[in-house]
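Me: Hi! I have a protein model open and I'd like to talk it through with someone. Can you help me look around?

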Amino acid sequence: MMLNRRHIRVKVMQTMYAFKGGESDDFSKDQKFLLFSIDNMYNLYLLLMSLLLEVQKRAENDLQKKQKKHLATKEDKDPNRKFVNNQVLQILKNNLPLKNQLESYKITNWNLDSEYVDIIFKAIISSDLYKDYMQTKVSDFKEDKDFIVDIFKEVIAPNEKLYDYMEDKNLTWLDDLPTVNTTILKLLRKVKTTSSENHFTPNLYKDVEDKQFAIDLFKKTLLNKTAINKEIELKTQNWDADRIANVDYVLLQMAICELQNFSSIPVKVTINEYLEIAKEYSTPKSSIFINGILDKLVKEYATAGKFNKIGRGLM
């Protein structure tokens, strides 16, 4: 599973932020866009996995070229194949479900943009990690795995040229990158020689409920916009409306909708999630502002018995 609920909320926030209609307008297009931008995360995941495969291929070609050189040295003729034969890279290379996904999602970027494969390959072979790893010619599975994990974490994920490439290809990918990188690292760390074939083709959503949560949160926030905005206005009378950041307004709308309409989500969870998102996506003072408003509303709802939370410990 790649997506967590916070990332779903961020996706809803971005779609809400871009939505220019009112609550009576048809927003099926925007809902499609929301689900498309979530699905697009999987494309990013596959793109980075295929980059690992391309780097292995590039290393293989490099060795073959050296062996065919007119004046090949002893080392050229009998090279250290440790990186090329890395057991984790071999598992990826022979993984049929991954291969099928790469084909069905048409992940062919590196054929056209092969210079990025070169950039990453050169960054790997010039790293200290690589030099240390290649000091011996044989390794066990653990050493192979640790090496790929470290290379991904320290060479591939932070590469600025790769980051710029992602930004050019798809703007929403920049928000997805931390989640996707974390997923890849988790899968690499957990891989075993006995892992199932589907180890590298994770589900995007944890379950059907999570996908439904994305749709419901988006729809219910839009459908109740007028009533929610009135609640916000009553609580922000001392604030100049133009000075409230647009993102804060959207986050407040979503948080209020969640408090009112999602009976199985604890109040504390809702508040914490939106404060964390505000810290990351809005102004430095946003979380204090949002917390103040939500705090007042929660006290009012509790007093008026407006909460219909089910289950223990949900308040």
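What follows is a chat about this predicted model, from the whole fold down to single residues.

Me: Great. How many helices and strands does the protein have?

Reply: There are 16 helices and zero strands.

Me: Is the protein spread out or a compact globule?

Reply: Its radius of gyration is 25 Å, while the globule rule gives 20 Å for 315 residues. The 25 Å is well over that, so the protein is more spread out than a compact globule.

Me: What size of box do the C-alpha atoms fill?

Reply: Roughly 85 × 40 × 35 Å, if you take the box along the principal axes.

Me: And how much of the protein counts as buried?

Reply: Of the 315 residues, 49% count as buried.

Me: What share of the contacts is between residues 24 or more positions apart?

Reply: If you take the contacts with a separation of 6 or more, 81% of them join residues 24 or more positions apart.

Me: Let's zoom in on a helix pair. How do H9 and H11 cross?

Reply: H9 covers residues 141-156 and H11 covers residues 173-190. Their axes come within 9 Å and cross at roughly 170°. Angles over 145 degrees count as roughly antiparallel, and H9 and H11 are therefore roughly antiparallel to each other.

Me: Which residues meet there, H9 with H11?

Reply: On the H9 side you'll find Lys145, Ile148, Val149, Phe152 and Lys153. On the H11 side look for Asn181, Ile184, Leu185, Leu188, Arg189 and Lys190. Sorted by class, this contact of H9 with H11 has six nonpolar, one polar and four charged residues.

Me: New topic: Thr221. Buried or exposed?

Reply: Thr221 is buried, as its relative accessible area is 0%. You can find Thr221 in helix H12, residues 208-223.

Me: What is Thr221 in contact with?

Reply: Leaving aside neighbours within four places in sequence, Thr221 is in contact with Met16, Asp216, Ile228, Gln253, Met254 and Cys257.

Me: And Leu297, where does that one lie?

Reply: Leu297 lies in helix H16, residues 286-304. Leu297 is buried too, with a relative accessible area of 0%. Not counting residues up to four places away in sequence, Leu297 touches Glu231, Lys235 and Ile256.

Me: How far is Leu297 from Ile256?

Reply: Their C-alpha atoms are separated by 8.4 Å, and along the chain the two are 41 residues apart.

Me: What about Leu53, buried or exposed?

Reply: Leu53 has a relative accessible area of 17%. Buried means under 20%, so Leu53 is buried. Leu53 is found in helix H2, which runs over residues 28-68.

Me: What does Leu53 touch?

Reply: Setting aside residues up to four places away in sequence, Leu53 touches Leu89, Leu92, Lys93, Leu98 and Leu102.

Me: Now a loop. Where is the place of Lys106?

Reply: Lys106 is in the loop between helix H5 (96-104) and helix H6 (109-112). Lys106 is exposed, with a relative accessible area of 64%.

Me: And what is phi of Lys106 near?

Reply: Near 55°, which is a positive value in a residue other than glycine.

Me: Last one: Asn111, buried or exposed?

Reply: Asn111 counts as exposed, at 59% relative accessibility. Its place is in helix H6. From Asn111 to Asn86 the distance is 23 Å, C-alpha to C-alpha, and the two are 25 residues apart in sequence.

Key
Residues numbered from 1 in each chain as written. Predicted model: local features only at pLDDT ≥ 70, side-chain atom pairs only at ≥ 80, totals over all residues. Heavy atoms only, no water. Axes fitted to C-alpha atoms, helices over the stretch in contact; angles between N-to-C directions. Helix = DSSP H or I, 4+ residues; strand = E, 2+ residues; numbered from the N terminus. Parallel < 35°, antiparallel > 145°, perpendicular 65-115°, else oblique. Contact = heavy atoms within 4.5 Å. Nonpolar A, V, L, I, M, F, W, Y, C, P; charged D, E, K, R; others polar. Buried < 20%, exposed > 50% of the residue type's maximum accessible area, 1.4 Å probe, protein only. Rg over C-alpha atoms; globule rule 2.2 N^0.38 Å.
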